[in-house]
Amino acid sequence: MWRDFRDVAASAFLALGAVVLLVVVPLMFFQGALTASGLWAGSGDPVAASVIFTWASWLGVGIPVAGVVVSATTRRRGWIWFYGGCVVVVAVVVAVRWAQTHHAPPPPPEPNHCVERSGGESDCP
């Protein structure tokens with residue numbers, strides 16, 4: 001009896017997770033963009049859009065990871081491939097976004113005053 005319940009619960013979780021991942025998460029990003037831009041029913045408030053983007057991002061990362069774990073423990077190959085592919089896509093998006101937001105540190109500033117150097121000519125007045 002418990003095995004049947006576990007199979008039904010795992011199937012329901014994997015199917016519901018796929019629907020949320022493929023439908024709800026993109027709609028949340030779209031709603032966040034509309035909210036941030038002030039178009040249609042959006043308020044133009046970036047703080048409200050930030051909350052929507054944060055939830056969509058957490059769902060977009062968490063659902064594929066949980067799906068891989070559940071599908072691997074219940075040995076469902078089709079779902080492993082689906083959620084594994086989603087994890088790869090999420091990893092690429094996260095890596096690209098991290099590269100866009102984390103730049104190399106700027107070089108140290110050059111001195112803006114006269115600095116005499118030893119062993120060479122001094123151009124200081």
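Just after H2, Arg75 takes a positive phi of about 60°. That residue belongs to a predicted model, in which local features need pLDDT of at least 70, side-chain atom pairs count only at pLDDT 80 or more, and totals for chains, interfaces and linings use all residues. Residues are numbered from 1 along each chain as its sequence is written, and side-chain values use heavy atoms, with hydrogens and water left out. Here is a tour, starting with the overall fold.

**Overall layout**
- The protein has 3 helices and 0 strands, and its elements run α-α-α from the N terminus on.
- Helices (H or I, at least four residues) and strands (E, at least two) are DSSP runs, numbered from the N terminus.
- Of the 125 residues in the protein, 20% are buried; here buried means under 20% relative accessible area, exposed over 50%, and partly exposed in between, with a 1.4 Å probe and protein chains only.

- Buried positions in H2 are Ala49, Ile52, Ala56, Gly60, Ile63, Pro64, Gly67 and Ser71.
- Val69, also found in helix H2, is partly exposed, with a relative accessible area of 48%.
- The C-alpha atoms of Val69 and Tyr83 are separated by 9.1 Å, with the two residues 14 apart along the chain.
- Thr74 sits in the loop between H2 and H3 and is buried, at a relative accessible area of 17%.
- The side chain of Thr74 reaches the backbone oxygen of Val70 at 2.8 Å, and a polar contact of 3.1 Å joins the side chains of Thr74 and Arg76.
- A polar contact is a pair of N or O atoms within 3.5 Å; within protein, one must be able to donate a hydrogen and the other to accept it, and residues adjacent in sequence count only if both atoms are side-chain atoms.

**The nonpolar core**
- The largest nonpolar core has 8 residues in all: Leu14, Ala18, Val20, Leu21, Val25, Ile63, Tyr83 and Cys86.
- H1 and H3 each supply at least two residues of this core, and H1 gives the most, with 5 residues.
- Such a core is a set of buried Ala, Val, Leu, Ile, Met, Phe, Trp, Tyr and Cys residues joined through side-chain atoms within 4.5 Å.

**The largest pocket**
- The largest pocket has a volume of about 400 Å³.
- Of the 17 residues lining this pocket, the closest to its centre are Phe29, Val61, Val90, Val93 and Val94.
- On a 1 Å grid over the protein atoms alone, a pocket is an open set of points where a 1.4 Å probe fits, with protein on both sides within 12 Å along at least five of seven lines; lining residues have an atom within 4 Å of a point.
- Grid points are joined across faces, edges and corners, and a volume is the space filled by probe spheres set on the points.
- Helix H1 (2-37), helix H2 (46-73) and helix H3 (77-101) each supply at least two lining residues, and H3 gives the most, with 8 residues.
- The lining divides into 12 nonpolar, 4 polar and 1 charged residues; Ala, Val, Leu, Ile, Met, Phe, Trp, Tyr, Cys and Pro count as nonpolar, Asp, Glu, Lys and Arg as charged, and the others, Gly among them, as polar.
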